Amino acid sequence: MMARRDTLVGFDDLMRDFERLGKVPQTVATQSARAGGRIALKAAKALAPVDTGELRDGIILKRERSRTKGKAVYDVMMDPAKNDIFVKTTKDGKRYYYPASQEYGFLTVDGRYVPGYAYLRRAIDNNAEQIERKILEVAGREVDKALRKSQARR
């Protein structure tokens, strides 16, 4: 659930600073996106079901590649390096991805549905406002720092 632009406190001030600065420095986008992603990562690890701890330990924060300057996106995802732990095989030879079965649920042998924990989804949904506030806070702080630096050069 995303807040509307006009309900985000400080958004207009941040946009005004962006206009004064010119372009958005990449470091501002990266640092603010990472700060918001850390909140989601921490929540996902806290909400993940724990049996052996591998599922919780396999949740990572990874930056997406982007060709657009001034844009940074971080994914809270399962570590691909741990696929050998997460890919399971049933007795009849069917493969399944354990984190997906825990997130979305699964069918048992007798056809009964076991609902998932939705730990990744809830990590974002339950913390959406906090993530947005953190992104704006860090972006504002970094833009102010960049503005001070550009004014000092003059």
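**Close-up views of a predicted model**

**View 1. The second largest pocket and its lining.** Thr90, Lys91, Asp92, Lys94, Arg95, Tyr96, Ser101, Gln102, Phe106, Leu107, Thr108 and Val109 line the second largest pocket. Two or more of these lining residues come from each of β4 (95-97), α5 (98-104) and β5 (105-107). The space inside comes to about 350 Å³. Sorted by class, the lining has four nonpolar, four polar and four charged residues. Here nonpolar covers Ala, Val, Leu, Ile, Met, Phe, Trp, Tyr, Cys and Pro, charged covers Asp, Glu, Lys and Arg, and polar takes in the others, Gly among them. A pocket is an open set of points on a 1 Å grid over the protein atoms alone, where a 1.4 Å probe fits, with protein on both sides within 12 Å along at least five of seven lines; lining residues have an atom within 4 Å of a point. Its volume is the space filled by probe spheres set on the points, which are joined across faces, edges and corners.

This is a predicted model, so local features need pLDDT of at least 70 and side-chain atom pairs count only at pLDDT 80 or more, while totals for chains, interfaces and linings use all residues. Numbering runs from 1 along each chain as its sequence is written, and side-chain values use heavy atoms, with hydrogens and water left out.

**View 2. The whole chain, for orientation.** The protein has seven helices and six strands, in the order α-α-α-β-β-α-β-β-α-β-β-α-α from the N terminus. These are DSSP runs numbered from the N terminus: H or I of at least four residues for helices, E of at least two for strands. Among contacts (heavy atoms within 4.5 Å) with a separation of 6 or more, 52% link residues 24 or more positions apart.

**View 3. Ser32, tucked into helix α2.** Look for Ser32 in helix α2 (residues 26-47). Ser32 is buried, at 6% relative accessible area. A polar atom of its side chain sits 2.8 Å from the backbone oxygen of Val28, and one lies 3.2 Å from the backbone oxygen of Ala29. Leaving aside neighbours within four places in sequence, Ser32 is in contact with Ile135, Val138 and Ala139.

View 4. Tyr74 lies in strand β2 (residues 74-78) and counts as buried, with 18% relative accessibility. Not counting residues up to four places away in sequence, Tyr74 touches Thr30, Ala33, Arg34, Leu61, Lys62 and Arg63. With Arg34 there is also a side-chain polar contact of 3.3 Å; the term means a pair of N or O atoms within 3.5 Å, where within protein one must be able to donate a hydrogen and the other to accept it, and residues adjacent in sequence count only if both atoms are side-chain atoms.

**View 5. Ala118 and its positive phi.** Most residues other than glycine have a negative phi. Ala118 is not a glycine, yet its phi is positive, about 50°. Find Ala118 in the loop between β6 (113-115) and α6 (119-125), where it counts as partly exposed at 22% relative accessibility.

Terms used:
Buried means under 20% relative accessible area, exposed over 50%, partly exposed in between (1.4 Å probe, protein chains only).
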